[in-house]
Amino acid sequence: MLAATGIQCQITESKLLGQTADKTKLYETACASGPGYLLLTSTPPQATDCLVLASSAEQARARDPNADVGSQCTLPANDNAMTVFTAYAKEAGLTCTVDEGRIIGAKPGGAVVYEIGCAGVDGAQINKSGAGWEVVDCLELASAGSTCRFTTAQEQAATVKAMLVGSDAASCDVTQVRYMGKNANGAFYEAACNGADGLIARVNTENAVQQVYPCAVAQQIGGGCKLTTTPPAATPNS
């Protein structure tokens with residue numbers, strides 16, 4: 001019945017939760033890897049991800065502590081949210097140590113969107129599409145006005161500081177950062193430096209710094225620096 005839903009799951013445990021008068025049964029299943037499911041043996045059968053159920057229940061209880069959240073997964077093997085978040089982050093290509101995770105919603109078409117928190121560095125939002133995993137860093141999300149619950153400004157500063165290692169800006173003690181956008185030449189980040197002039201760095205797809213622009217001469221780069229107040233460079237006399 002679970003295979004008929006299109007879900008790939010090597011079932012390690014299952015239990016019958018109940019059935020209706022017309023013999024439609026509800027099972028909870030645990031899988032060898034990934035989340036478990038509640039399986040309704042309707043025609044066609046329906047399966048619901050245990051993590052999605054738990055997330056919906058948490059949101060409902062936040063609005064009303066006495067809310068009826070319906071059937072939930074209770075098998076001990078399905079109490080594995082962090083294991084699942086860590087596995088998904090690895091599949092998506094994140095190399096950080098995952099320390100937190102949550103479901104934040106779904107895209108049109110049903111793709112579940114997860115926030116991944118990383119220890120000491122910038123986190124991300126990820127979702128699985130037909131072509132693989134889509135990843136949006138929290139720094140990029142911040143530039144569009146969104147916030148990541150599990151990522152701090154200090155972690156984002158540390159991320160950009162790590163990008164600058166080995167570059168002309170390696171001495172910058174990064175205190176604030178912002179993602180400015182990208183073009184065919186790379187992505188652009190502004191960094192404010194403790195006790196020194198700020199800068200804008202252009203990095204490639206591997207986050208290696210390709211060029212550094214001091215704020216004093218970066219007025220033409222995406223509108224210039226916003227985190228550092230630096231007078232423009234003097235124009236030489238002709």
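Modeller: Happy to. Let's start at Gly198, which touches Ala191, Ala192, Cys193, Pro214, Cys215 and Thr228, once residues up to four places away in sequence are set aside. Please keep in mind that this is a predicted model. Gly198 sits in strand β11. With a relative accessibility of 3%, Gly198 counts as buried, because the cut-off for that class is under 20%. For a sense of distance, take Gly132, which is 66 residues away from Gly198 along the chain: the two C-alpha atoms are separated by 37 Å.

The largest nonpolar core has 17 residues, and Val160, Leu164, Val174, Tyr189 and Leu199 are the members that touch the most others. At least two residues of this core come from each of α4 (153–164), β9 (174–183), β10 (186–193) and β11 (196–203). A separate core of 15 residues lies apart from it, and includes Tyr88, Ala92, Tyr114 and Cys118.

Beyond its neighbours within four places in sequence, Leu164 is in contact with Ala169, Ala170, Cys172, Val174, Leu199, Ala201 and Val209. Val174 and Leu199 in that list are also among the core members that touch the most others.

If you follow the chain on from β11, you come to Asn207, in the loop between β11 and β12 (209–214). Asn207 has a positive phi of about 65°, although it is not a glycine. At 35% relative accessibility, Asn207 is partly exposed, since that value falls between the 20% and 50% cut-offs.

Lys23 has a positive phi of about 75° and is not a glycine either. Lys23 is placed in the loop between β1 (11–19) and β2 (25–31).

Thr29 is buried, with a relative accessible area of 2%. Not counting residues up to four places away in sequence, Thr29 touches Leu2, Ile11, Glu13, Ser14, Gly36, Tyr37, Leu75 and Asn78.

Asn78 is found in the loop between α1 and α2, yet it is buried, with a relative accessible area of 10%. Asn78 and Thr29 are 49 residues apart in sequence, and their C-alpha atoms are 8.3 Å apart in space. With residues up to four places away left out, Asn78 touches Glu28, Thr29, Ala30, Gly36, Cys50 and Cys73.

Now look at Asp79, in the loop between α1 (50–63) and α2 (81–91). Asp79 is exposed, with a relative accessible area of 70%, whereas Asn78 is buried. The C-alpha atoms of Asp79 and Ala30, 49 residues apart along the chain, are separated by 9.7 Å.

One more backbone detail before we zoom out: a cis peptide bond joins Thr43 and Pro44, with omega at about -5°. Pro44 lies in the loop between β3 (37–40) and β4 (46–49).

Finally, the whole chain. It has four helices and twelve strands. The radius of gyration is 24 Å, well over the 18 Å that the globule rule gives for 238 residues, so the chain is more spread out than a compact globule. Along the principal axes, the C-alpha atoms fill a box of roughly 90 × 35 × 30 Å. Buried residues make up 38% of the 238 residues. Of the contacts with a separation of 6 or more, 35% are between residues 24 or more positions apart. The chain exposes about 13600 Å², with carbon and sulfur atoms supplying 49% of that area. As for charge, there are 15 positive and 22 negative side chains, and the centres of the two sets lie 5 Å apart.

How values were computed:
Residues numbered from 1 in each chain as written. Predicted model: local features only at pLDDT ≥ 70, side-chain atom pairs only at ≥ 80, totals over all residues. Heavy atoms only, no water. Core = buried A, V, L, I, M, F, W, Y, C linked by side-chain atoms within 4.5 Å. Buried < 20%, exposed > 50% of the residue type's maximum accessible area, 1.4 Å probe, protein only. Contact = heavy atoms within 4.5 Å. Rg over C-alpha atoms; globule rule 2.2 N^0.38 Å. Areas by Shrake-Rupley, 256 points an atom, 1.4 Å probe, with all protein chains shown as cover. Lys, Arg positive; Asp, Glu negative; His and termini not counted. Charge placed at Lys NZ, Arg CZ, Asp CG, Glu CD.
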